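Colleague: Could you walk me through this model before I set anything up with it? I'd like to go piece by piece.

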Amino acid sequence: MSKRVVIIGGGAAGFFTAITAAELNPELEIIIIEKSKNVLQKVKISGGGRCNVTHACFDPKELCEFYPRGKKELLGPFHQFMTGDTMEWFENRGIDLKIESDNRVFPVSNSSQTIIDCFMEASENAGVKLHLNQHVTSISKLKDQYKITTKTDEYTADILVVAAGSSPKFWSLLSVQLNHSIIPPVPSLFTFKINDNRIREIPGVSVANASVSIVNSAFESSGPLLITHWGISGPAVLKLSAFAARHLAEKDYQYNVLVNWLSQTPYIILEQLKRIKTKVSKKQVFLKSPFPEIPKRLWENLVLASEIERDQRWADLSNIQLDNLTNQLTNSIFNANGKTTFKEEFVTAGGVDLKEINFKRFESKKHKNLFFAGEVLDIDAVTGGFNFQNAWTGGYIVGKTIAENAL
């Protein structure tokens, strides 16, 4: 008699688990139950609808550095199924992939539907059953099985896989009914809400390599920074928000942000400004940025914030004004008051406590034949395909473990 595997969640991790297990062990009966009428919704919207399937980082230790939560736990799993394995998995199924300049990996089609179609075809060919509109209301442990009750049906499972994503309601169910500890969820991957004259009227302006940090903390990041209608965003800010997620939540999103627009020390920039003052002494400071990295509109605002007049020449700058300008370029302090969701790619820090998971198998330490994969765990990453890689790796290891143990 074949064993029944029930997978809760029709997202990236759920499908990858199902396909892996079914292909490695066709004798298994595998059912995905999904609460909504649609599956793979995060896959659909990822990367602006192009689906950022993974990241071209091929060293497990280096890859782990992109995970604020899960860094230590994922090192071993990444040695089992890595980014290169993900790319090979898709390419073996006829999906051509490309690596873009920022190392994000997309299908050549530039359409997430390509990935969705791949999953749907592979799961159907492997005999995976898909049950939609199944909102789970309870999970109970029988002697050697699990009973899953939805609003309309009941399922019994020899093996249960939870891939329900970052759902506080479902986490509560896991806590109450399966006695798993839940790390309280807080937002991750968000932009900083800032209302400041220096950036208020210049949305769309970007700086290629700024350094950003949270004042009076050890949290810092660097990379492209984008000024928006609401404040600041871009890879540098999103990465910082992910690593500082819990710290900022504890501060109720009232915090100061330090921006070094040039990612250089104040001393170096001050010396450069002194040389510029001598070289172009008769030119007006306001009219042109001497730093290619600083766009014109941002430069103008930083000059005015340095208490330099619009018509003032370089030769007429006082030492205090040079110090002020250096400070604005390398040590701009902004008061952040709140956060703004980054597009549709909302990520939550929190979930099932990682101490309660055996990461050689992604299996619960509390209950035999109970597995977890994807964002239901307290694992999250910065933007760039890393959250999907966690889903693929976890799904592969769970599927392989189930297939081998059920033989």
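Predicted model: local features only at pLDDT ≥ 70, side-chain atom pairs only at ≥ 80, totals over all residues.

Colleague: Which hand does the crossing of α1 and α6 have, left or right?

Modeller: The two axes cross at roughly 35°. As for the hand, the crossing of α1 and α6 is left-handed.

Colleague: What is the make-up of the contact of α1 with α6, by class?

Modeller: On the α1 side you have F15, F16, I19 and E23. Helix α6 brings F119, M120, A122 and S123. Sorted by class, that contact comes out as six nonpolar, one polar and one charged residues.

Colleague: Moving on to the open sheet of three strands, which strands stand at the edges?

Modeller: The order is β3-β5-β4, and the pairing is antiparallel. Each edge strand has a single partner, so one side of it is left without a neighbour in the sheet. The edge strands are β3 (54-55) and β4 (97-99).

Colleague: And in β5, which residue is the bridge partner of I99?

Modeller: Strand β5 covers residues 104-107, and β4 pairs with β5 in the antiparallel sense over three bridges. The partner of I99 in β5 is V105.

Colleague: Let's do cysteines. How many disulfides does the structure hold?

Modeller: Take C64: the closest cysteine sulfur is in C57, at 8.9 Å, which is too far for a bond. C118 is in no disulfide either, with the nearest cysteine sulfur, that of C51, 10 Å away. For the structure, the number of disulfides is zero.

Colleague: Next up is strand β10 (residues 159-162). Which residues point one way from β10, and which the other way?

Modeller: In a regular strand, side chains alternate between the two faces of the sheet. In β10, all four of the residues pointing either way are buried. One way you have I159 and V161, and the other way L160 and V162.

Colleague: Which residue of β10 does I7 stand opposite?

Modeller: Strand β1 (residues 4-8) runs parallel to β10, and four bridges join them. In that pairing, I7 stands opposite V161.

Colleague: What about β21, which residue there stands opposite V162?

Modeller: Strand β21 (residues 370-372) also runs parallel to β10, with three bridges joining the two. Opposite V162 stands F372.

Colleague: Last one: what is the relative accessible area of S263?

Modeller: S263 is not a glycine, yet its phi is positive, about 55°. You'll find S263 in the loop between β16 (254-260) and α10 (266-279). S263 is partly exposed, and its relative accessible area is 25%.

Technical notes
Residues numbered from 1 in each chain as written. Heavy atoms only, no water. Axes fitted to C-alpha atoms, helices over the stretch in contact; angles between N-to-C directions. Left-handed = near helix turned anticlockwise from the far one by under 90°. Contact = heavy atoms within 4.5 Å. Nonpolar A, V, L, I, M, F, W, Y, C, P; charged D, E, K, R; others polar. Pairing = 2+ DSSP bridges. Disulfide = S-S within 2.5 Å. Buried < 20%, exposed > 50% of the residue type's maximum accessible area, 1.4 Å probe, protein only.
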